[in-house]
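Subject: Structure for you to look at

Hello,

I am passing on the structure we spoke about, and my notes follow it. Please have it open while you read.

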Amino acid sequence: MFPDALHDAVRTALAAAHEAGDLPDLSGLDFVIERPRDRAHGDWATNAAMVAARPAKAAPRVIAQAIVDHFPDVDHVASLEIAGPGFVNVTLDPSWYREVLRAAALGGPDHARGEPTGTRIQVEFVSSNPNGPLHIGHARGGVIGDVLCRLFEYAGHEVQREYYYNDAGVQMDRFAESLEARYRQALGQDVPFPEEG
């Protein structure tokens, strides 16, 4: 719903301000609804008043006031505030978060699943070395890599997982020779341990 609902509400406010004679026609205005850098300034903000300043031939804060004055009722909007050179900051009521949680609960496992994007992503994660000490980082890397892959897939991307482990080369040959020697020694055979084992 947000930020599209807020974008529509700002357009409605601009049209209502025009009908009331407070602003010229700004129906083609291109503006954004975005998250403010500082969340203390609200949940969303729009630059509509500043973008409209030149075509409206008015100060941005005057336009922002017209937007606030003509802003329609929108579910979950708690307050509007004019800030800085003419931003309109929007703060949502906590009821918005309850609505999101309710929709997620009713939507089930596929709630908010993205449509296929056609984007292919390769995630390379975990490179454990079986002839060295294994530690919590190996497990953590596996979990983080898998979670990232699942999130990308949920968002609609095609994901290829690359899980590396070092199972070839001189070190692995020495590791295998060492295991064989220790095993044979455990069976009572007189076998020397490899020099570079």
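Leaving aside residues up to four places away in sequence, Arg35 touches Asp43 and Trp44. This is a predicted model, and the contacts are computed from its coordinates. Arg35 sits in the loop that runs between strand 1 (33-34) and strand 2 (44-46). Is Arg35 buried, partly exposed or exposed? It counts as partly exposed, because its relative accessibility is 42%, and the range for that class lies between under 20% for buried and over 50% for exposed. Ala5 is 30 residues away from Arg35 along the chain, and the C-alpha atoms of the two are separated by 14 Å.

I also looked for pairs of aromatic rings. Such a pair is described by the distance of the centres and the angle of the planes. The count here comes to 0 aromatic pairs.

Next, the backbone. Two residues have a positive phi although neither is a glycine: His76, at about 75 degrees, and Ala112, at about 70 degrees. His76 is placed in the loop between helix 3 and strand 3 (77-83), while Ala112 belongs to the loop between helix 4 (95-107) and strand 5 (120-128). Ala112 counts as exposed, because its value is 61%.

Now the protein as a whole. Its secondary structure consists of 6 helices and 6 strands. In sequence order they give the pattern α-β-β-α-α-β-β-α-β-α-β-α. The radius of gyration is 30 Å, whereas the globule rule gives 16 Å for 197 residues; the value is well over the rule, so the protein is more spread out than a compact globule. The C-alpha trace spans about 100 × 35 × 35 Å along its principal axes.

What share of the 197 residues is buried? The figure is 29%. The accessible surface of the protein is about 12900 Å², and carbon and sulfur atoms account for 53% of it. Among the contacts between residues at least 6 apart in sequence, 53% join residues that are at least 24 apart.

Last, the confidence of the prediction. The average pLDDT of the protein is 91, and 95% of the residues score at least 70. Where is confidence lowest, and where is it highest? It is lowest in strand 6 (residues 158-165), with a mean of 86, and highest in helix 3 (residues 60-70), with 97. The loop that holds His76 comes between that helix and strand 3 (77-83).

Regards

Terms used: Residues numbered from 1 in each chain as written. Predicted model: local features only at pLDDT ≥ 70, side-chain atom pairs only at ≥ 80, totals over all residues. Heavy atoms only, no water. pLDDT = per-residue confidence, 0-100. Helix = DSSP H or I, 4+ residues; strand = E, 2+ residues; numbered from the N terminus. Phe/Tyr/Trp six-rings, centres within 6.5 Å; stacked < 30°, edge-to-face > 60°. Rg over C-alpha atoms; globule rule 2.2 N^0.38 Å. Buried < 20%, exposed > 50% of the residue type's maximum accessible area, 1.4 Å probe, protein only. Contact = heavy atoms within 4.5 Å. Areas by Shrake-Rupley, 256 points an atom, 1.4 Å probe, with all protein chains shown as cover.
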